[in-house]
Amino acid sequence: MGIADLGCSSGPNSLMVISDIIDTVYATSNRKGIPLPELRVSLNDLPGNDFNNIFISLPEFYSQLKMEKNIGPEGCFISGVPGSFYGRLFPKKSLHFIHSSSSLHWLSQVPRLLDSNILKPLNKGNIYISKTSPGSVLDAYLSQFKRDFSVFLKSRSEEMVVDGHMVLSFMGRVSTDPSSEESCMQWELLAQALMSMALEGLIEEEKIDSFNAPYYAPSAQEVRSVVEEEGSFTINCLEAFEIEWDGGAPSNNNFQKHIDKIEKDNFSRGQQVAKTIRAVVESMLEVHFGRKIIDELFKRYAQVVGDYFSRTSAKNIDLVISLTKKG
């Protein structure tokens, strides 16, 4: 049985999904009274991913498999496959199940956002889609997502067996408006932190104008439309889930009595979100803006996010789609 996890990263969670998949295959085999198939597990990410960090943890992983399920090294073969999933990665008809989490909202490249007549940035003061972004920026981001997601689906359709299954989860939105808070507020707040530094002369404003995130949070309808147009897969289900930015605020029933604690909680939550976002985007920001501004940027970002928490409940939308390869 060929299994692939696309966008596996290299942290402590890299083998968690694979472990869950193996658990499901193992339980299903036992329930049906059939032998467990040999499992060929492929972990994919970009070539710069720290695959060695994953490989170092494999002996312990195999040991746990042997102890809990009596699956030895001859029953589960795990390998790394470096490369972009916006293109072919595996031989034809070699995969039965594909999983990808928190990856497909990253585009293969930044859309071209220059005015072709005067060669000036179209998205001034922003680093992603915003309420102030012109319609051409929104169109460019959507077009890039459609191209990328279509290539992804076509590539996977060639690699999968008929009736193979794929489960994908990625950031998205339920609103039809791509500039809605649920899809772009974290980037909007990061832009605010950058602009505050520009006002103090710590960053050139032109640097901000020329940076745009290679990211797009599609609507459920946009996802469905690309799948149907590409034509290789049947949608089993497509659902949207709300996820709080930091896992939720501490409960507090007496606002007046505990206002100081609430303010501290908001600041603490802002710091936690800033750490999370920094772990994801620091490398791309460092390449564009330089290393020396990063600490100050995320210090300010934590404050901006904490202030945002004091005014609203901040939530992201996670889209989850289950697909089956057509015959």
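The structure holds zero disulfides, a disulfide being a pair of cysteine sulfur atoms within 2.5 Å. Of the cysteines, C184 counts as buried at 3% relative accessibility, whereas C237 is partly exposed, with a relative accessible area of 32%; here buried means under 20% relative accessible area, exposed over 50%, and partly exposed in between, with a 1.4 Å probe and protein chains only.

This is a predicted model, in which local features need pLDDT of at least 70 and side-chain atom pairs count only at pLDDT 80 or more, while totals for chains, interfaces and linings use all residues. Residues are numbered from 1 along each chain as its sequence is written, and side-chain values use heavy atoms, with hydrogens and water left out.

## Nonpolar cores

The largest nonpolar core has 73 residues, and F149 and F152 are those with the most contacts inside it; such a core is a set of buried Ala, Val, Leu, Ile, Met, Phe, Trp, Tyr and Cys residues joined through side-chain atoms within 4.5 Å. Helix α4 (residues 181-199) gives the most to this core, with 10 residues, where helices (H or I, at least four residues) and strands (E, at least two) are DSSP runs numbered from the N terminus. When residues up to four places away in sequence are not counted, F149 touches Y86, L104, L168, V223, V226 and V227, contact meaning heavy atoms within 4.5 Å. A second, separate core of 19 residues includes I3, C8, I18 and I21. In soluble globular proteins, nonpolar side chains tend to be buried together.

In helix α6, which spans residues 220-230, the buried residues are E222, V223, V226, V227 and E230. Seen down the axis of α6, these buried residues fall within an arc of 135°, so they line one face of the helix; the arc is that of the directions from the helix axis to the C-beta atoms. Q221, E228 and E229 are exposed on the other side of α6. The partners against which the buried residues of α6 pack are α3 (135-159), β5 (160-172), β6 (233-244) and β7 (315-325). After α6 comes G231, whose phi is positive, near 90°.

## Salt bridges

The structure holds 18 salt bridges, each being a side-chain nitrogen of Lys or Arg within 4 Å of a carboxyl oxygen of Asp or Glu.

| Pair | N to O distance |
|---|---|
| K131 and D177 | 2.8 Å |
| R156 and E159 | 2.7 Å |
| E222 and R173 | 3.0 Å |

E222 lies in helix α6 and R173 in the loop between β5 and α4, so this pair ties together parts that are 49 residues apart in sequence. E222 counts as buried at 14% relative accessibility, and R173 also counts as buried, at 0%.

K131 counts as exposed at 60% relative accessibility, whereas D177 counts as partly exposed at 25%.

R156 and E159 are three residues apart in helix α3 and are therefore separated by about one helical turn. R156 counts as buried at 0% relative accessibility, and E159 is likewise buried at 0%. Both belong to a network of salt bridges that links R88, K154, R156, E158 and E159.

## Two buried positions

S133 is placed in the loop between β4 and α3 and counts as buried at 11% relative accessibility. A polar contact of 2.7 Å joins the side chains of S133 and N123; a polar contact is a pair of N or O atoms within 3.5 Å, of which, within protein, one must be able to donate a hydrogen and the other to accept it, and residues adjacent in sequence count only if both atoms are side-chain atoms. The S133 side chain also reaches the backbone nitrogen of S130 at 2.9 Å. Leaving aside neighbours within four places in sequence, S133 is in contact with N123, N126, Y128 and L138.

V305 sits in helix α8 (residues 294-311) and counts as buried at 0% relative accessibility. With neighbours within four places in sequence left aside, V305 is in contact with L189, W245, G270 and V273. V305 and S268 are 37 residues apart in sequence, and their C-alpha atoms are 9.8 Å apart in space.
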